[in-house]
Amino acid sequence: MKIDLSHIFDQISKSLQHYHGIQAVMQFARGADLFPENKKMITGGQTTYAIRINPKVLTVLSLYNLAMSEGVDIGDTLCRYVLFHAFLELDDYDAAQRHLDAFCHELQRLGLNRRTPEQCEDARGQILTQLYFLMMHESFHLIYRHLPETATMSADTTRELLRDMKDELIDQLSTVTNDELLSHPKTQQHLAALIPSDLPQEEREAMAAKLREEMKTHPYTTDYIDRLLNGGDDVLLEELACDRQAWLNFADIATADGCTPEDLLQFHLWFFVVFCAMDFNHVLQSQYRPALHAVCHYDGSRVVLRHKAFKTLLRQYHPEVHKLVSQQYLELHKGLESIFRTATLGIYSYSKDFVRLHGLHQERVAHPVVPDFQKLNQLLAEMEAAAGTL
């Protein structure tokens, strides 16, 4: 059974219209931009908004759910999927076919046909819930833009929560120095888990040194929180505000429907997977898109702060759920480490593909080509049929 994106959006759009007087439409995105976006449109003096969503996000989230919830190694599967769409977007059909064939081979390795009907239904329910949260998050961006007073109040509340996080972090840092943290066996264990064993020794040593240097030069301190509080990154502040509003509204709806604290924690874990998928997808795109490659540098502090802020919502608003947290997030990080490790090996193995894509982007700007729509649609249909097993 296919997931009906329009049905999810209808619930969001009716709420926007009823409570905020906002007219919003859904637009389907194509190409390699996989996660939802929002945009403002002015036609004839009337303002409307759109939430753009790419159906391919279903596949990406399915893969991340397999990795982070079930411990399945999907790093290479993910690389193949992204590269297929990247080449297809630039009309290199032979390269797209090569990655499609490899993607299908990867699906056979995953053995998804062994899942029971109940497991398939559970996987579908998880995706539906994550998509609802994603669209709800984007809807709050629309409210943020349409209602300045509401945006100001939301930003002020988010700053208060950041100050709470800052106080908590000051207490934590008072008991351990950054050098002690870096040398801790657990830290060393997590760093080692990120490095693919199949890389040449020289590459492994270089990657280990780079990771240690990244952690040393960009420690998670109160400085980054101060930057947000002082207006240094209003884009991230808005993201945190929309994360908070989306979670609180979802939790209110779920609780009204009889959701238990255990259920809320499970939903929170599922949404944390979404953040990880968005962040890593952006890293992959920056490898081959010139516009992103030149300006997009992985900012570990920014990513950690957003993830930390989302997890902190449980302590700040749902203490009864926060008490249930033990090893759950550590288990999710094991899956994320596996994705990072295998995808890093993929970036190394497919370096020629990334270089080719980077060059194709520049070529298409100077010399656009007319797509072969028959071939394009054929490849898309084959990929859709294959990815449907997820």
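This is a predicted model: local features need pLDDT of at least 70, side-chain atom pairs count only at pLDDT 80 or more; totals for chains, interfaces and linings use all residues.
Residues are numbered from 1 along each chain as its sequence is written, and side-chain values use heavy atoms, without hydrogens and water.

**View 1. Overall fold of the protein.** The protein contains 18 helices and three strands (DSSP runs numbered from the N terminus: helices are H or I with at least four residues, strands are E with at least two). Its radius of gyration is 22 Å, close to the 21 Å from the globule rule for 390 residues, so the protein is as compact as a globular protein of that length (radius taken over C-alpha atoms; the rule is 2.2 Å times the number of residues to the power 0.38). Along the principal axes, the C-alpha atoms fill a box of roughly 60 × 55 × 50 Å.

**View 2. Packing of helices H2 and H5.** H2 (residues 57-70) and H5 (residues 117-146) pack at about 120°, with axes 10 Å apart (axes are lines fitted to C-alpha atoms, for helices over the stretch in contact; angles run from 0 to 180 degrees between N-to-C directions). The two helices are therefore oblique to each other (under 35 degrees is roughly parallel, over 145 roughly antiparallel, 65 to 115 roughly perpendicular, the rest oblique). H2 contributes Val 57, Leu 58, Leu 61, Ser 62, Asn 65 and Ser 69 to the contact, and H5 contributes Gln 126, Ile 127, Gln 130, Leu 131 and Leu 134 (contact: heavy atoms within 4.5 Å).

**View 3. The open three-stranded sheet.** The strand order is E1-E3-E2, with mixed pairing (a pair needs at least two DSSP bridges). E1 and E2 are at the edges with a single partner strand each, so one side of each lacks a neighbour in the sheet. From one strand to the next the twist averages 30°. E1 (residues 24-28) pairs with E3 (residues 46-53) in the parallel sense over five bridges, and Ala 24 has Tyr 49 as its bridge partner in E3.

**View 4. The E2-E3 hairpin.** E2 (residues 37-43) pairs with E3 in the antiparallel sense over seven bridges. Two residues separate the strands of this hairpin, and Gly 44 in the turn has a positive phi of about 60°. Ile 42 stands opposite Thr 47, and Met 41 is bridged to Thr 48.

**View 5. Helices across the sheet.** H1 (residues 5-20) lies across E1 and E3, at about 155° to E1. H5 lies across E1, E2 and E3, at about 155° to E3.
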